[in-house]
Structures are given as structure tokens and as C-alpha cells.
Amino acid sequence: MNIEKFFKRVIEVLPDPIFAIDKEGKIILWNSAMESLTRVKREGALGKGDYAHSEIFYGYKRPTLIDLVLKPDEEAEKRYYTGFLRNGEGAVEGETFSSKLDYYDWGKAVPIFNDEGEVEAVVSISRDISENIKFQKQQDILLKRYETLFVNSPDGIACFDKDHTIFDVNESFLRIFGYTREECIGRNLDDLVVPRKLKEKAVQMTEELFVKGIVDFEDVRYTKTGVPIVVNIRAILMKVEDELLGGYGIYTNVTERARYKEDLESTNVELEATIEQLVSNEEELRAQYDEIQEYSEKNEELRQKYEIAIEATGSFIWEINTRKKTIEFSKNFVDLVGYKAIQKESIYEIINEVVHEEDKSLLIHEIDRCIDGTGEEIDTQIRIIDKDDEIHWYMIRGKGIKGKRDRINALHGVMIDITEMKHKEEYIKFLAVYDPLTGLYNRRKLTEILVKELGNDKKGALLLLDIDDFKNINDVLGHVYGDELLKRFAALLKDWAAENTIPFRFGGDEFLILIKEEEPHKIAEHAQNLKNIIRNRIIVDNMENGITVTAGIVQYPGDGTGIDELLSKADIAMYSAKKSGKNRYLFFDEKMKEKFNDKINIENTLRKALRNENFLLLYQPIIETRTGYISSFEALLRIRDNNIPPEEFIPIAEETGLILPIGKWVIEEAVRQISIWAGKGYKPVPVSVNLSPRQFYDVSLVEYISKILEDYGVDPSLLEIEITENIFAEKKHEIINILNRLKALGVIISLDDFGTGYSSLNYLTFMPIDKIKLDKSLKDKFIELESIKIMGRLIALVHGLNMKVVTEGVEEIEEFKRMKRAGSDYLQGYLFSKPIKQEEVEKIFNKNYMDLLS
């Protein structure tokens with residue numbers, strides 16, 4: 001396959017616009033997605049320079065991301081881009097707006113290095129994030145609306161937790177009661193606004209709130225300075241799944257209204273006296289009439305103030321005449337539902353017109369209870385249909401007003417819009433059962449179903465699976481793409497699921513299938529059937545992705561009767577399946593658990609050794625073939641007072657990420673030992689340490705090595721870094737860049753285990769290394785007399801590339817002689833020494849091994 005054509009074809013089918021420039025700034029790549037975005041054909045773009053691409057995007061010449069890779073410009077980065085980032089390898093990314101193309105763009109530009117580590121070209125990828133920006137703006141609007149309601153409300157609002165302790169108040173609350181915010185936060189709400197001697201009634205209302213969930217009453221409360229004020233208090237609790245979170249109290253200062261009410265009552269008393277006087281004294285009729293007019297005007301003024309107070313709270317007021325069975329509303333409710341909806345006289349006709357079908361009987365029942373005397377209050381929640389046919393949730397609260405015969409003549413109450421609260425409740429209920437991204441059942445729902453299964457002595461299985469290499473998909477194509485892939489994968493599971501198979505999402509790319517089957521072969525049939533279905537490609541953004549999954553299967557109750565135990569064993573089975581090659585499923589068995597426990601024990605041993613500095617380095621000498629003297633040492637990691645061999649604990653350290661702190665310890669310990677030997681006057685010889693591929697993903701690796709060498713005053717040429725071919729499995733150019741930076745420090749680079757791979761000679765042509773180490777298996781293969789010539793030619797080839805050769809695994813004198821004849825520069829093996837502690841090294845520092853030949 002022609003690799004260049006293959007990558008060009010891949011770039012052409014990618015949905016994201018991609019283009020590239022060379023180091024002179026001329027366009028050398030322009031894919032189909034870029035043509036579609038800019039409406040500029042490839043032929044019209046290729047070869048153009050002098051910021052031609054910026055004119056296409058923005059209508060004028062200016063540096064873009066791709067130019068900032070070649071020539072950093074802090075002013076342009078701040079001026080043109082939001083969230084601008086530059087990583088250690090020179091790649092940049094950021095967000096900007098193209099007025100010419102009318103869209104928000106996220107882009108990333110990455111340098112392409114040649115074999116010498118120089119920038120040869122820069123590739124840029126663009127992505128339309130207009131929808132994301134639009135969504136963020138909508139979120140900001142919703143947040144501002146909330147802040148407007150809470151912060152700017154004319155009513156005082158105090159939010160409290162389940163212990164009735166305040167955790168937030170708005171400015172109106174502080175203004176009404178005269179406190180500062182700091183004086184309110186953390187205080188008991190009743191303690192704050194009620195003196196201790198008058199607290200009994202307030203505590204009773206608080207207890208009623210925690211029983212009923214809502215209270216609405218009018219009472220006297222006190223400011224910080226002890227001034228009594230009349231407030232209407234509405235308090236509502238917030239609960240999720242019967243769990244009390246807290247609540248909020250709304251305080252409307254109605255002191256003036258109460259004062260007017262008292263004035264009105266006083267006026268009515270005076271009015272009655274006046275009427276009596278009118279009857280008894282006709283001469284005073286005109287004077288009394290004038291007073292009545294004045295009182296009527298005052299009454300109208302009070303009514304208008306009352307209406308203003310109602311509208312300011314956003315609530316609706318209603319009043320039912322129980323004798324006539326008619327109802328009246330505040331004007332703002334008429335504006336909501338329309339005049340036509342409430343022009344009927346009967347309560348029941350109006351309810352039939354504006355109340356949701358499912359809530360009509362509930363509201364009628366509440367009203368009838370008060371009318372027939374079996375109840376005195378209305379407290380319920382219903383849905384109202386407005387004049388635009390939109391549905392709103394309202395809390396209905398009302399009380400009966402009794403006449404002289406102790407009969408309820410009227411019902412008076414308030415309607416409060418709780419639509420947003422209801423939506424939040426519904427979403428919380430959804431989250432309690434479902435995964436929000438995929439819509440599958442979540443872990444909590446699994447627990448609920450599995451508890452029933454186990455409690456009813458049912459038999460079945462759990463199949464725990466995850467998508468192979470999903471992290472790479474996320475890293476390469478982005479999290480948005482990864483999320484879409486997860487949704488498509490979940491949809492596939494839904495389509496596949498049957499009556500006896502229930503899919504769940506556990507988070508990340510982990511999914512679980514509950515299979516209600518008893519026979520292992522039937523369970524295996526389900527697993528194989530699922531594998532076969534997943535082989536079909538999932539298409540996201542016109543890209544086909546063949547994915548595979550790895551699964552572990554555990555049966556209940558045979559493998560366990562507890563949820564945690566079953567999930568743990570399913571995870572062990574999946575881990576074993578991954579270790580055996582992925583794209584498969586395995587049933588749990590106890591041997592897996594033993595192996596897994598061994599792995600956990602080794603991991604714990606590593607963590608303990610790292611925590612307690614319980615590692616040590618052994619040193620194996622490497623002999624210069626020509627002189628017989630020690631040319632260098634290889635540092636080999638061991639765990640102190642422990643017999644776990646490196647071939648067992650090193651892979652686990654790499655898998656768990658512990659190799660990073662362990663690797664840093666090895667580097668520092670080796671450099672420290674070099675400085676100790678130098679201080680004792682020994683001839684300085686290099687010490688080599690092995691680096692894991694994962695250590696090259698540490699962006700601070702070069703800086704760390706440089707600092708350690710500087711801290712201990714060690715010449716960089718005395719530190720040798722040993723690498724293996726598998727570090728080039730991913731991010732080859734980035735790895736070469738790191739190796740070049742290490743070479744620039746003066747550190748020696750060696751390629752270890754040469755001959756175990758399939759492309760070693762190819763790596764030698766571009767890798768910045770100083771020597772190669774021939775693996776023991778390669779030496780054993782060509783050590784015979786006829787084959788030693790092949791080894792000699794190989795060594796000569798390496799010498800031709802200006803590199804030295806170390807032969808590993810030399811154990812016999814005859815091997816020593818033959819490898820010397822073949823031209824190997826250095827020899828290493830048990831013939832000379834096993835790995836030894838640093839104090840034993842000092843005994844052989846000046847030893848000459850030439851006497852082995854005699």
C-alpha cells in the first residue's frame with residue numbers, strides 16, 4: 001500500500017476542514033471539507049502564500065494558528081484567539097470568530113518535523129463550534145434569569161439547609177431585616193428574625209413546614225435593631241427522592257398594607273358610627289357624606305396598592321364564593337389564560353377550561369371539601385393551560401373565610417408558578433435511574449434490579465464490557481466525537497436487548513448487560529451474538545468506525561450473592577480478557593482471581609516500596625572488548641527484601657502508571673551514585689538506566705533529567721538512557737524530538753533488545769542513538785562458526801552508521817572470543833559479573849577481565 005496515498009485519502013474523507021503550509025508559508029494541502037467551508041477550490045489555494053489563507057477565512061491578512069506555529073506572536077495570540085494554548089512540542093490551539101464565513105471556529109495547528117527534528121510543515125484542523133457557543137450563551141441567559149429572580153426580587157429570600165441553617169440570602173432580605181450577609185450565613189433562620197422570648201410560635205411554624213413541606217402565613221418578625229415588621233412568609237422545602245435538602249423562605253414586607261388594613265377597620269368602625277349619626281341627626285348628613293367619600297378614596301388606594309403587591313410577587317390571587325360557586329381572579333391571571341377562558345360563571349366550567357385533564361378531579365375534590373365543610377384549606381399542585389396552549393405547574397394554596405355562623409362563606413388563596421421546580425424534579429428523577437448521555441439505565445438502577453433478582457433466588461449473569469482502545473478514539477478525534485460514539489453504541493445495545501437482557505451504562509466506556517439466563521452456553525450465545533452485532537460499523541459524522549469490545553462474565557448466585565462481589569469478579573474477568581488479547585469475552589473463574597490478587601499484591605508492594613523508599617539499584621558491568629576494562633554499568637531495579645522478579649513487577653508498574661515516579665527515582669538514584677563514586681575518587685564511567693515508553697509521555701522528562709544532573713553536579717555524558725523499539729509505536733516524531741533534546745544535553749542514547757523486533761534496521765536510519773545492544777537471543781542465533789560472519793556483517797553495518805555495539809548475555813569464554821572477533825565494542829553478561837550492589841561495585845572498578853582469555 002502506498003502510505004502517502006493512504007493518508008491523503010484519509011485526510012480527504014475527514015469531516016473537519018484541514019489544510020497545511022510549508023515552512024515558507026505556502027499552502028500545500030487543502031482537503032474537500034476545506035473546499036466546502038470556504039467555497040475555494042483546491043486549485044485556487046495550493047501554492048499561495050503571504051497569508052492568502054487568512055484572507056479566505058477572515059477577509060484580510062493576519063496571523064492564524066498555522067502561522068503562529070512558525071512564528072509565535074503573543075500580541076496576535078491574545079488579540080485574535082480565545083483560550084489560546086501552546087504545548088511543549090510547538091502545537092497551538094484556540095477559538096476565534098470568522099465574520100466572513102459567519103461561524104465560530106475551534107482550531108489546532110501541529111508542526112511536522114523532518115528526520116533532523118526541524119519543522120518542515122504545519123497542519124491545521126478546524127471545527128465549527130457555533131452550536132456550542134450558542135448553547136453556552138443559552139446557559140448564560142438561564143443563569144442570568146435565575147440571578148435576576150433571586151438577586152433582584154423585591155421580596156427577601158433566605159435559603160436554608162435541612163437543619164434550618166442559612167447558607168444564602170438576597171439583598172432584599174438584608175435590606176428588610178438590616179443585617180449584613182456575614183451576619184446571616186450559618187445562623188438559624190428563626191434565631192435571626194425572632195427574639196428568644198417570642199420564638200415558640202415561630203418554632204411551631206418551622207415544625208409545621210418540615211411536616212407539610214410548605215407554609216404560607218402572615219406574622220410579625222423583627223429587624224436587627226428589634227423593630228417589629230409585618231411580613232407575609234412563604235416557605236417551601238426542597239426534597240429529592242424523599243431526601244430533604246433544605247428549603248427557602250420568602251419574606252414580603254406588608255407592614256404598610258397591615259397598617260392600611262388597621263386604618264380601614266378603624267374607618268369601618270367610624271363609618272358605622274357615622275351612619276348612626278346620619279340616622280339620628282339629619283343636619284350632619286353632608287359632613288358625614290364627605291367623610292364617607294374620603295374613606296372610599298382611601299379604600300380604593302389600598303386596593304390599588306394590594307394589586308401592585310400581588311403583581312410584584314408574580315403570584316395570582318383567587319377567591320371563591322362558596323354559596324354561588326363562582327370564582328374571581330387577579331388581573332394578571334386573566335392575562336395568562338385569556339378572558340375567554342374565565343368568562344364562565346361556574347367554578348367547574350372554568351376548571352374544565354383551563355386545568356389540565358389529569359388534574360381537574362383533584363382540584364374539584366379539594367374545593368368541594370371546603371364547600372361541604374369537611375376541610376378548611378386547599379393545598380395542592382396542578383397544571384394550568386395558558387392561552388398559547390402551553391402548560392404551567394402551579395402550587396394552589398387557600399383557606400376558608402368563615403361568617404358569623406362559623407360557616408365558610410368564601411375561599412381565598414394564591415397560585416405560585418412552580419414549573420421550573422417541577423422540571424428540575426423530573427430531571428433529578430431521570431438522573432436517579434438513567435445515564436444522561438446515553439439514556440441507558442445507570443448503576444443505581446442495576447443495584448435495584450439485581451437486589452430483586454438475588455432476593456428472589458433467580459439465576460443469571462452479568463456481562464461487563466468496555467470498548468477497546470476508546471481512549472485513543474477520544475485523544476485522536478476528540479471528546480465530542482467520543483460522546484457521539486458512546487450514544488450510537490448505547491443505541492445499538494438498546495436495539496439488541498431482549499426481554500431477558502437489560503443494558504446499563506457504568507460510566508466512561510464501560511457498559512453492563514444483565515442476562516436472565518441460567519445455562520452457561522446460552523449466556524455465551526448472548527455474548528457471541530452481541531460481539532457479532534458490534535462488528536457492524538458505527539457511523540458518526542460520515543466516518544465508519546469498526547469497534548471491538550472486551551467483556552467479563554460472572555454468574556449469580558454461583559459466583560457470588562453480593563452486588564459488590566459480583567461486580568468485582570466481572571471486572572477481574574474483563575481484565576483477564578484484555579490481558580489475553582482484547583476483542584473477546586471470558587467467564588470468571590477462581591484462577592483469574594488468584595492472578596488478579598497477585599497483580600494487586602505486586603501493585604501494593606510497589607506502592608509501599610515507593611512510599612518507604614524500599615527500592616534499590618543493582619549494577620552490572622559492561623566490558624570494553626579491546627581492553628578488558630569496565631566501560632560502564634547498567635543500573636537494574638530491584639525491590640529490597642523481596643524476590644519479585646523485574647519481568648513481573650515492571651509490566652504492572654507500567655500498567656498502573658507507577659513507572660513514572662519509580663522511573664524518576666531510578667534516574668535520581670543512578671545520578672546520585674555516579675556523584676558518590678566521583679567523590680570517592682573512582683574513575684568516572686557512565687551508568688545506563690532503562691526508560692519505559694510511558695515515561696516519554698511525561699512532558700517534564702527532559703527538564704527533570706537536566707535538573708537532576710545539575711543538582712548532583714554530574715556530567716551528562718555519564719548518564720546513558722536505554723530505550724526499546726516499542727517507544728515508537730505512537731507519536732514517533734514527538735519521541736524523536738525528545739531524544740534530540742536529551743542528546744543536546746549530552747546524554748548517551750542506547751537502543752536495547754536489538755534483534756527482537758521486525759524493523760530494527762529501519763529505526764537505525766533516523767533514530768538519534770549512540771549505541772545498540774544486541775539481544776541475547778540474537779547473539780545465541782548467530783554464535784556458531786558459520787553464522788558468526790553474519791553477526792560480523794551486522795556489526796560492521798552498525799559501525800557504518802557511526803554507532804557502537806554492546807553484546808548482551810555473554811556467559812561463556814568462547815562467546816567472549818567469537819564476539820570479539822565479530823567486532824563487538826562492548827560485552828555484558830554473567831561471564832563477567834551478575835548485577836551487584838553498589839558497595840560490591842567498588843571492589844571491581846579497576847578490574848581487567850582479559851585474564852579470562854588465558
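These legends walk through several close-up views of one predicted model.

Residues are numbered from 1 along each chain as its sequence is written, and side-chain values use heavy atoms, without hydrogens and water. Because the model is predicted, local features need pLDDT of at least 70 and side-chain atom pairs count only at pLDDT 80 or more, while totals for chains, interfaces and linings use all residues.

**View 1. The chain as a whole.** Of the 854 residues, 45% are buried (under 20% relative accessible area, with a 1.4 Å probe and protein chains only).

**View 2. The largest nonpolar core.** This core holds 79 residues; such a core is a set of buried Ala, Val, Leu, Ile, Met, Phe, Trp, Tyr and Cys residues joined through side-chain atoms within 4.5 Å. Leu-606, Ile-723, Ile-772 and Leu-774 have the most contacts inside it. Helix H25 (residues 659-679) gives the most to this core, with nine residues.

**View 3. Around Ile-772.** Beyond its neighbours within four places in sequence, Ile-772 is in contact with residues including Leu-751, Phe-754, Val-798 and Met-803 (contact means heavy atoms within 4.5 Å).

**View 4. A second, separate core.** Look here for 26 residues, among them Leu-463, Ile-523, Ala-527 and Ile-553.

**View 5. Leu-431 in its helix.** Leu-431 sits in helix H17 (residues 419-433). With a relative accessible area of 33%, Leu-431 is partly exposed (between the buried limit of 20% and the exposed limit of 50%).

Note on methods
Helix = DSSP H or I, 4+ residues; strand = E, 2+ residues; numbered from the N terminus.
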